[in-house]
Amino acid sequence: MDDLVGRVARNCDVCFIYCRTIAEFVAVEDLVDRLRINRPETKIVLFENIQAVTSYSLMEVADQFIRRGVHCVIGGEPEDRCAEVARRLAASRPLSGIPGTVHAGDGSVAAPVSEESAGLPENLDALPMPAWELWNLKGYWTMGFAHAPVKKKDRFLPLLTSRGCPFRCAFCISPGLNPRWRPRSAKHVVDEMEHFNKTLGINDFHISDLNPTVNNERIREMCRDILRRGLAITWKFAQGTKIETIKDRETLELMAKAGCVYVSFSPETGSKRLLKIMHKPFDHEHALAMARHMNALGIRMQAVFLGGVPGETQADRDQSLAYATRLIKAGVDEISTVIFTPLPGARLSDALSGYEHYSQCTPSPDWRADYKDLTAYRRRMYLNLFTRKILFWPGKFLREMHGLFTKNFETKMEMSLYKQIKLYILRYFPAFYARKPVSK
């Protein structure tokens, strides 16, 4: 943290902090406190992440950050307001009238001022392309892991092809923060792929939308355009997609031809009763049919389950285990089981209590009274995955072991295991990863 603060120039007028996930809530607090002490002249602005299911509503907690010394909190997507906020703060001008912000008003932190909500941009094609050339990307590539699985020589970038989600899952923040699906055009997406492929040598794109495949025809158009341009790239649905919105086998075949090598999707549960509690539609049989075809095409897959939703019973967990077994037999490569936690801004945010700090609301909430039982359920799901995989797909299992040792990851499991080994070495044998002098 001291290193981060040290990178903020002493003459910096405004420092923006991205509030990425709930697990990093405490890190944002720490960074704010250190900036107030070490860079007292620097104005601090927070903006939120409304494109991830592990995030939270910053507006729900804006008041406490303003009272902590933050000068402005921006809700929603910040592109249309961040420049104006920066200009006014740098000139010590009031922030009144900037929609979707919370600020100290007249300078008093006793009563933070909340402006009216800001709308979400509709024409995403009008936004500028990300300035990835300004980042030291080599550090990310040499670390050996990302959100999606990566191979040792891959040059990868995240990519957003759309924003928002049309579904209303009760455990997710999107229905409240990002309720409208807004796509970029297929051409605009492929333009970005081609640009960074040619300028930075990017060969692997990690699509990180909440639901990239809501419009089946748009995905097909993207695939046709990639093939038409002859781009030698791979791409992955890193964050996941609603598998039912991939309508047919022909779409999957186009995706595979155009370089799609990994798809994550989320059944959440095998229980139809529990799906109703979650307010989540899911077609179990369609997902199985799509999984079988993706397996035949060589597309690697992850299925994500959610345990511990209020109202869940042992019968629901047994149904999830049985459905996970069917998915593994159909060719799904890995199962992820996360434990429900309340997120500020989600419909079920008040469903549980007992945590002392928001940063404890991670997918492993050890403050839950039933955490031991839920951990046992998660271990049962993973044990089932490994035993069934060895039984149904021994060749895949050996291939993943090879990927682990060669750092050519095709699933998140291999990469996660490598990450844990590396973190263990960093903790107990730090000299092994000592920084080497950088040649100029």
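1. Helix α11 (residues 284–297) has 14 residues, which at 1.5 Å a residue should span 20 Å, and its end C-alpha atoms are 20 Å apart, in agreement with that expectation; the expected span is taken as 1.5 Å times one less than the number of residues. Helices here are DSSP runs of H or I of at least four residues, and strands are runs of E of at least two, numbered from the N terminus.

2. On provenance, this is a predicted model, in which local features need pLDDT of at least 70 and side-chain atom pairs count only at pLDDT 80 or more, whereas totals for chains, interfaces and linings use all residues. Residues are numbered from 1 along each chain as its sequence is written, and side-chain values use heavy atoms, with hydrogens and water left out.

3. After α11 comes Gly 298, whose phi is positive, near 85 degrees.

4. The buried residues of α11 include His 284, His 286, Leu 288 and Met 290, where buried means under 20% relative accessible area, exposed over 50%, and partly exposed in between (1.4 Å probe, protein chains only). Among the elements that cover them are α9 (249–257), β11 (260–268) and α12 (314–330).

5. The largest nonpolar core has 62 residues, of which Met 193, Trp 235, Met 255 and Ile 335 touch the most other members; α12 gives the most to this core, with 6 residues. Such a core is a set of buried Ala, Val, Leu, Ile, Met, Phe, Trp, Tyr and Cys residues joined through side-chain atoms within 4.5 Å.

6. The structure holds 38 salt bridges, each being a side-chain nitrogen of Lys or Arg within 4 Å of a carboxyl oxygen of Asp or Glu. One of them joins Arg 163 and Glu 77 (2.8 Å, N to O), linking strand β7 (residues 162–163) with the loop between β3 (72–74) and α4 (82–90), 86 residues apart. Arg 163 is buried at 12% relative accessible area, and Glu 77 is buried at 5%.

7. Asp 191 and Arg 229 also form a salt bridge, their closest N and O atoms being 2.8 Å apart. Asp 191 lies in helix α7 (residues 186–199) and Arg 229 in helix α8 (residues 216–229), so the pair ties together parts 38 residues apart in sequence. Asp 191 is partly exposed at 23% relative accessibility, as is Arg 229 at 24%.

How values were computed:
Contact = heavy atoms within 4.5 Å.
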